[in-house]
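These are my notebook entries on a structure I looked up. I record helix packing, the nonpolar core and backbone angles.

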Amino acid sequence: MTYSLNSRKVAETTAEWLRQRGVDKREIGELVLFLQKDYFPGLTLEECLESVDRVLSKREVQNAILTGIQLDVLAEEGKLLPALQEMIFNDEGLYGCDEILSLSIVNVYGSIGYTNFGYIDKMKPGILKRLNEKNGKDVHTFLDDIVGAIAAAASSRIAHRMQAERETDELVDGG
Ligand SMILES: [Mg+2]
């Protein structure tokens, strides 16, 4: 059998896995609003959600989400090889591959995503706080970074679009 990639299936699986892992898209939209509200006071949650959807529609983003969630789930089930199992299960601070994987999401709208990603990881508002609570059972070692990265990328997209709009307005106004 020849391998053939089904893009719609990957997109649907990504949405389904996020839901199953307790991530509500609205909560990611709220993170975006948290990151951008001071810069763009008129920004609405709907605009943030639209931006989140655009980020989620990208293939490299879906790939990172599926990979990260898979590792979290395997760690919950105790199915990883011992050294990795311990580190991912305990969200070991020196592990770092969770952040690195998430950078492939942060990257999709350019480097301004990095600042947002670092900031939101430090502040841990809303859903990020919940994902970071350890109960000795659920593993969100990858998911917390993934969610922060989606919010950071969606924020970058908004910042780029606002700038583009501003420049168009200046052209129309003649300076
Ligand atoms: Mg993490």
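This is a predicted model: local features need pLDDT of at least 70, side-chain atom pairs count only at pLDDT 80 or more; totals for chains, interfaces and linings use all residues.

I located D91 in the loop between α5 (82-89) and α6. Its phi is positive, about 50 degrees, although D91 is not a glycine.

I then looked up K124, which lies in the loop between α7 and α8. K124 also has a positive phi, near 45 degrees, and is a residue other than glycine. I count K124 as partly exposed, with 15 C-beta neighbours inside 10 Å. For context, most residues other than glycine have a negative phi.

Next I examined helix α3 (residues 45-56) against helix α9 (residues 143-173). Their axes come within 9 Å and cross at roughly 110 degrees. Angles of 65 to 115 degrees count as roughly perpendicular, so α3 is roughly perpendicular to α9. The crossing is right-handed. On the α3 side I list C48, S51, V52, R54, V55 and L56, which meet I150, A153, A154, R157 and I158 in α9. I sorted the residues of this contact into 8 nonpolar, 1 polar and 2 charged.

Finally, I turned to the largest nonpolar core, which has 40 residues. V32, V147, I150, A151 and A153 have the most contacts inside this core. Helix α9 gives the largest share, 11 residues. Leaving aside neighbours within four places in sequence, I find A151 in contact with I28, L31, V32, L35 and I120.

Technical notes:
Residues are numbered from 1 along each chain as its sequence is written. Axes are lines fitted to C-alpha atoms, for helices over the stretch in contact, and angles run from 0 to 180 degrees between N-to-C directions. Helices (H or I, at least four residues) and strands (E, at least two) are DSSP runs, numbered from the N terminus. Angles under 35 degrees count as roughly parallel, over 145 as roughly antiparallel, 65 to 115 as roughly perpendicular and the rest as oblique. A crossing is left-handed if the near helix is turned anticlockwise from the far one by less than a right angle, and right-handed if clockwise. Two residues are in contact if their C-beta atoms, placed from the backbone, lie within 7 Å. Ala, Val, Leu, Ile, Met, Phe, Trp, Tyr, Cys and Pro count as nonpolar, Asp, Glu, Lys and Arg as charged, and the others, Gly among them, as polar. A nonpolar core is a set of buried Ala, Val, Leu, Ile, Met, Phe, Trp, Tyr and Cys residues joined through C-beta atoms within 7 Å. A residue is buried if 20 or more other C-beta atoms lie within 10 Å of its own, exposed if 12 or fewer, and partly exposed in between; C-beta atoms are placed from the backbone.
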